[in-house]
Amino acid sequence: MNHSPVIALMGPTASGKTGLALSLARHFPIEIISVDSALVYRDMDIGTAKPSREERSVCPHHLIDIISPLEAYSAAQFHQDTTRLVSEIRARGKIPVLVGGTMLYFKALQEGLSDLPKADPELRRQLDEDAAREGWPALHARLAGLDPATAARLEPGDAQRIQRALEVCLLSGRPMSELLEKGREGAMPFTALPLVLVPEDRRWLHRRIAERFGLMLEQGFLEEMIRLRTRYPQLTPDLPSMRCVGYRQAWAYQEGEIDRQTFIDQGVAATRQLAKRQLTWARGMDLVPLNAQSPDLEDTVLRAVAAWVKDETLPDDIRWTGEF
């Protein structure tokens, strides 16, 4: 290598990112930086589809299992950690490969961070109480009155993001969308090849999501939840870790609020909604789309990376031109 390339492999959940990243590890000297807001939590392995120990032994992985489920991790922390890791990996003569589906994290890295107010525990507690009494759709409607642009891109049940947007509005007196557009600091000090996997047919992705959720149950997802609640008795359903897709539905099932089939149906539906949000984010970002269903996908990714490693160019036929 005559320079220090950086690769990003983004995409919706269940689109095949992990397998492709491991394929890259067999051809290039890489280290993987996880871009996933769920993989940061220790002891949350099955429900997050965390790469196995065997998979992680193929090459070094970073930003996995770094905090307790009782803690929180932000886009600002990701920005700081990733900037440091990229520098360290490059110093070792390796290629940093950012892999994941948390588009907010990658957007923060790509564009920098806006000057948003810090979290306010007391205000969050009040918003949680309001949500318990009125429901998150009602708080989503409240947000729509304060910040229509942000509300328009959030689902009415997206509790964590609705709470944060309301918190920013109430603390700053201004819409979060306005603050995000005002100006950013700390855009990434390196150029990355930003690949994103896009399903040509959403039904293909939906089938993969349902199959993976079924596999998680076979692997002991519900038993993992029991172990989590035993090991961390301070866990509550309002913590960011327990708001992760699948975990909040498993919590409701174990509390007797829903039956097993409803838990499965809601878990799969929530994962599909997550994938939809991830693709919506991707459409608004400067990424190179690749057809996730192409039989030549692995070869396409390898050719794209080889060209980028050589001189930061791409073959003309790499970019997928379909709709997403």
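Author: The expected span of a helix is 1.5 Å times one less than its number of residues, where helices (H or I, at least four residues) and strands (E, at least two) are DSSP runs numbered from the N terminus. The structure shown above is a predicted model, in which local features need pLDDT of at least 70 and side-chain atom pairs count only at pLDDT 80 or more, while totals for chains, interfaces and linings use all residues. Residues are numbered from 1 along each chain as its sequence is written, and side-chain values use heavy atoms, with hydrogens and water left out.

Reader: What span should helix 14 have, and how far apart are its end C-alpha atoms?

Author: Helix 14 runs over residues 297-311, and at 1.5 Å a residue its 15 residues should span 21 Å, which agrees with the 21 Å between its end C-alpha atoms.

Reader: Which residues does Leu193 contact, apart from its neighbours within four places in sequence?

Author: A contact means heavy atoms within 4.5 Å. Leu193 is placed in strand 7 and is buried, with a relative accessible area of 1%. Leaving aside neighbours within four places, Leu193 is in contact with Val6, Ile7, Ala8, Val288, Ala304, Val305, Trp308 and Leu314. The C-alpha atoms of Leu193 and Leu314 are 9.2 Å apart, although 121 residues separate the two along the chain.

Reader: Which residues does the "binding site" annotation cover?

Author: UniProt positions are given in the numbering used here, with feature names shortened, and annotations may be inferred rather than shown by experiment. The unreviewed UniProt entry places its "binding site" annotation on Thr13, Ala14, Ser15, Gly16, Lys17 and Thr18. Among them, Ser15 lies in the loop between strand 1 (6-10) and helix 1 (17-25), whereas Thr18 is within helix 1.

Reader: Is Ser15 buried or exposed?

Author: With 3% relative accessibility, Ser15 counts as buried, and beyond its neighbours within four places in sequence it is in contact with Leu197, Trp204, Leu205, Arg208 and Ala292. The side chain of Ser15 also reaches the backbone oxygen of Pro12 at 2.6 Å. Thr18, by comparison, counts as partly exposed at 32% relative accessibility, and touches Pro51 and Glu55 when residues up to four places away in sequence are not counted.

Reader: How many aromatic pairs does the structure hold?

Author: A pair of aromatic rings is described by the distance of the centres and the angle of the planes. Rings of Phe, Tyr and Trp (its six-membered ring) pair if their centres lie within 6.5 Å, and planes under 30 degrees apart count as stacked, over 60 as edge-to-face and the rest as tilted. The structure holds seven such pairs. In one of them, the rings of Phe221 and Phe263 have centres 6.4 Å apart and planes at 40°, so the pair is tilted. This pair links distant parts of the chain, with Phe221 in helix 11 (residues 221-231) and Phe263 in helix 13 (residues 260-283), 42 residues apart. Phe221 counts as buried at 1% relative accessibility, and Phe263 is buried as well, with a relative accessible area of 0%.

Reader: How are the rings of Tyr253 and Phe263 arranged?

Author: Tyr253 and Phe263 form a stacked pair, 5.5 Å centre to centre with 15° between the planes. Here Tyr253 belongs to helix 12 (residues 247-254) and Phe263 to helix 13, ten residues apart; Tyr253 is partly exposed, with a relative accessible area of 26%. Phe213, Phe221, Tyr247, Tyr253 and Phe263 form one aromatic cluster.

Note on methods: Buried means under 20% relative accessible area, exposed over 50%, partly exposed in between (1.4 Å probe, protein chains only). A polar contact is a pair of N or O atoms within 3.5 Å; within protein, one must be able to donate a hydrogen and the other to accept it, and residues adjacent in sequence count only if both atoms are side-chain atoms.
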